[in-house]
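Hi everyone, thanks for coming. Let's take a short walk through a structure that may be new to you, so please have a look at the screen.

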Amino acid sequence: MPTFRLAVDYHRPLTNLDPSQVNVLSEALLLRNLYSALFDYDSKGNLITGLAKSFNWENGALRIKLRTGALISDGSPLTAIDVIHSLKRLMVLDENLHGDLKNIICPGIKMNSAHDHCPGIEQDGEDVVLRPA
């Protein structure tokens, strides 16, 4: 496998780099090159898929189908459980940079761990389903 290098002006330890806590543009640029998102925007500002293969609204819920072949950091395939864990982690940290997901799908629920139950987020086979309260 080829080796790639990315040069980014970054003056803090990389061990502190966390996608939930972006403070400066250089962090955002570095994270954009290290992590993939479920969704992204095209050059015209339209929402497009990333790790999500597709998404649609069904009966008031957002169903997200994941792209096959995507891998997580340990080399294993990305699963709905991985996505749910990441979304719950954002809710526990209360550091979501992309809106207030917790109050949309888990209003009034105190989450202390990414393993805590949230009624608005579930796995349905290989899909992730987000259901606003």
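Let me start with a question: is Cys 118 buried or exposed? Cys 118 is buried, with a relative accessible area of 0%. By buried I mean under 20% relative accessible area, by exposed over 50%, and by partly exposed anything in between, using a 1.4 Å probe and protein chains only.

Before going on, a word on where this comes from. This is a predicted model, where local features need pLDDT of at least 70 and side-chain atom pairs count only at pLDDT 80 or more, while totals for chains, interfaces and linings use all residues. Residues are numbered from 1 along each chain as its sequence is written, and side-chain values use heavy atoms, with hydrogens and water left out.

Back to our cysteine. Cys 118 forms a disulfide with Cys 106, and the two sulfur atoms are 1.4 Å apart. The rule here is a pair of cysteine sulfur atoms within 2.5 Å, and by that rule the count comes to 1 disulfide. The pair links distant parts of the chain, 12 residues apart, with both cysteines in the loop between helix H3 (101–105) and strand S5 (121–124). Helices (H or I, at least four residues) and strands (E, at least two) are DSSP runs, numbered from the N terminus. The link is left-handed, with -85° about the S-S bond. Cys 106 is buried too, at a relative accessible area of 1%.

Next, the core. A nonpolar core is a set of buried Ala, Val, Leu, Ile, Met, Phe, Trp, Tyr and Cys residues joined through side-chain atoms within 4.5 Å. The largest one has 20 residues, and Ile 64, Met 91, Ile 105, Ile 121 and Leu 130 touch the most other members. Two or more residues come from each of S4, helix H2 (80–93), H3 and strand S6 (127–130), and H2 gives the most, with 5 residues. Leaving aside residues up to four places away in sequence, Ile 105 touches several residues, including Met 91, Cys 118 and Leu 130; contact means heavy atoms within 4.5 Å.

Now to helix H1 (residues 25–34). Glu 27, Leu 30 and Leu 31 are buried there. They lie on the same side of H1, because they cover an arc of only 100° around the axis, taken from the directions from the helix axis to the C-beta atoms. On the other side of H1, Leu 25, Arg 32 and Asn 33 are exposed.

Last stop: Asn 59, in the loop between strand S3 (52–58) and strand S4 (61–66). Asn 59 has a positive phi of about 50° although it is not a glycine, and it is exposed, at 80% relative accessible area.
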